[in-house]
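Reader: I've got a model open and I'd like to learn to read its helices and strands. Can you walk me through it?

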Amino acid sequence: MVLYTSPFPNSFLSALHSFSWALVFPCVWFGDRLLASFLPTTYEKRQRSDDPCYFQALCIVITTPIYLALLVVSLPFALIGFLLWSPIQATRRPYVYSRLQDKSFANGPPLLTEWKATSGGKSFCFGSANVCLLPDSLARFTNLFNTQARAKEIGKRIRNGASRPQIKIYIDSPTNTSISAASFSSLVTPQGGDVNSRAVNAGMKRTTSMEYKGDNSGSNSSEESRDVKSAVEHSEGEDSPCIIRISGEDSGHISDTEADAMSGQVNVSGPPDPSMETETEGHKGQTPNHKQREGDSGSLDSCTASRESLVRARMADGPGDQSAINNKLIYKASIIKKTSARKKKHMDDIVDHEISAFFPANLDFLCLQEVFDKRAAEKLKDQLHHYFEFVLYDVGVYSCHGCCGFKFLNSGLLFASRYPVLDAAYHCYPNGRGTDSLAAKGALFLKVQVGSTTQDQRIVGYISCTHLHALAGDATVRCEQLDLLQDWLSDFRKSTSSSSAANPEELVAFDVICGDLNFDNCSSEDKLEQQHSLFTHYKDPCRMSPGEEKSWAIGTLLDPEGLYDEEVCSPDNLQKVLENEDGRKEYLVYPTSKNHCPNQKGRKVPLKGNGRRIDYILYKEEGLNLEWKAEVEEFSFITQLAGLTDHVPVAMRLMVSTGEEDS
């Protein structure tokens, strides 16, 4: 299959489309600005109430008649442009494939060393997020604004978070449930590969995500960056994590040698240090979205990053030079917590999980939803190319082509990958209703190459990105879309597979579905979707059974009214809130019930679950190579996009084991 690098098959149609859209765009833009001026966000309302001299009201009085007059003037040109634009969409391709040509442009890791499937296995990291990049007036219905600036900032935060070095901390004591401050007195050297890092006989394992300052660290960080880069160079490629082991048998004291050493393995134990349990103060009074520093998540450039920060770690004993240690440890720790197996109802419930202020290090695949605005999609794509080499964007159809009914917005899907894309296909759901029918919501199917065997067999993976119908009460519509999703995916795998029993040219490493499914696993109104057959073929790491979530799973839909509250306006603050049960009840949307009012702020009545989880990453255990096995290593709820979207992104690290021992 040929991947489409331009939306139209020839330059004439591209030029004609550009000309027609140039006639339509002014009318669309003036209408968008006119509507947006009457839909202030809570952030803008607070500015007006706090500043008596705030001139927004005066601006509205002046600009409204101007926008209205220009809208009327642009209408005839928009009509002519629309008559040209609409029929051209019949020839439009369903996506645009962008590959980074100048690899020196990327700040992230280079193309990964090809996996040869001889090391016993490999992990792959998937991320999914609804970023709500609608035209500004429509975004304001979810209390968000300034779509263009948000798109650029979202791209910077994602790439800065994903390009951090991956460092893992293993606690060997099953009774030690917190990390001593002394545990971080040394930075470790890499040990082994993906499988070796998992072969730790530990009662509890915690994985550390380290802060990466990216291109926003300032001039004085160059020496520190070189120090850390030299400390985290990987022995078998950039996916290999650094390992810190913390045992439970020593006295908790650190020798002078250990305190001075900035590399090597650390063996520290003893009672937990209460200083690490104290939460640090987040940034106060930060302005949201475009008002923040470029690429700054409220934590990426902060020394008061999170409550478990390596920089703030102070040694309980030992005469080591603290300033030298802090200079070395410029990264921030985000700890994955795993509950002891003996507390689990089921053995398959043992999954490393965390609420993280960062996207996972070494993020391999990213699926985004609601990237509807085309200008915002371009800005987001340019930022993601600093880390991801391959991006598919502007996915969907327009006008009356390809779907029933008129489509003014595309599907909003965007896919980014560090691995080469071999094939791609898009299908539009034909059963949208109401306002949802104006967008070409559908599913994007991708086949990526992740390695090859020593016999030159390709190792591939399948990823599906989708966004289902959003309107409440339309369970049958979503179930029909889930049926179509499974059928289309099955057809895509058959049409793109070059394997057979007699000629096994390809090996399938994984089959993953990411997206905003717009239903949760706890609401009584969503029972029909919860029992869909999709969940018999694909596994949800956060789900126990229909209607029952795992205890650590939290909701991914934020209450729009509280997006700019000081408690949640930065990634670190939102992380603290989501780790607290009362905080979740205050700022997450909870499963619907007839006894609960829509606005839950300040509610004291009991609520079911830990919030509405409507963003999913599902994986398939069957259909892979017969001797291979896929299992979840880590699952993360990410707060790095706080203030930029009303959804909590999710990420999953999947280990594909080949059954072979390391050589």
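Author: Let's start with helix 10, whose buried residues pack against strand 1 (96-99), strand 2 (121-133), helix 5 (147-162), strand 7 (365-371), strand 8 (390-393) and strand 9 (414-417). Contact here means heavy atoms within 4.5 Å. Helices (H or I, at least four residues) and strands (E, at least two) are DSSP runs, numbered from the N terminus.

A word on the ground rules: this is a predicted model, where local features need pLDDT of at least 70 and side-chain atom pairs count only at pLDDT 80 or more, while totals for chains, interfaces and linings use all residues. Residues are numbered from 1 along each chain as its sequence is written, and side-chain values use heavy atoms, with hydrogens and water left out.

Reader: Which residues of helix 10 are buried?

Author: The general idea first: an α-helix has 3.6 residues a turn, so residues three or four places apart point the same way. In helix 10 (residues 374-384), the buried ones are Ala376, Ala377, Leu380, Lys381, Gln383 and Leu384. They sit on the same side of helix 10 because they cover an arc of only 160° around the axis; the arc is that of the directions from the helix axis to the C-beta atoms. Buried means under 20% relative accessible area, exposed over 50%, partly exposed in between (1.4 Å probe, protein chains only).

Reader: What caps the N-terminal end of helix 10?

Author: That's Asp373, with a side-chain oxygen 3.1 Å from the backbone nitrogen of Arg375.

Reader: Now the sheet. What is the order of its eight strands?

Author: The sheet is open, the order runs 1-8-9-7-2-18-17-6, and the pairing is mixed. Two strands pair if DSSP finds at least two bridges between them. Strand 1 and strand 6 (352-356) are the edges, each pairing on one side only.

Reader: How do strand 6 and strand 18 (residues 650-657) each pair with strand 17 (residues 629-638)?

Author: Strand 6 runs parallel to strand 17 over five bridges, and Ile355 stands opposite Phe637. Strand 18 pairs with strand 17 in the antiparallel sense over eight bridges, with Ala630 opposite Val656.

Reader: And which way do the residues of strand 6 point?

Author: In a regular strand the side chains alternate between the two faces of the sheet. Here Asp352, Glu354 and Ser356 point one way, His353 and Ile355 the other. Five of the five residues of strand 6 are buried, so strand 6 is largely enclosed by the rest of the structure.

How values were computed:
A polar contact is a pair of N or O atoms within 3.5 Å; within protein, one must be able to donate a hydrogen and the other to accept it, and residues adjacent in sequence count only if both atoms are side-chain atoms.
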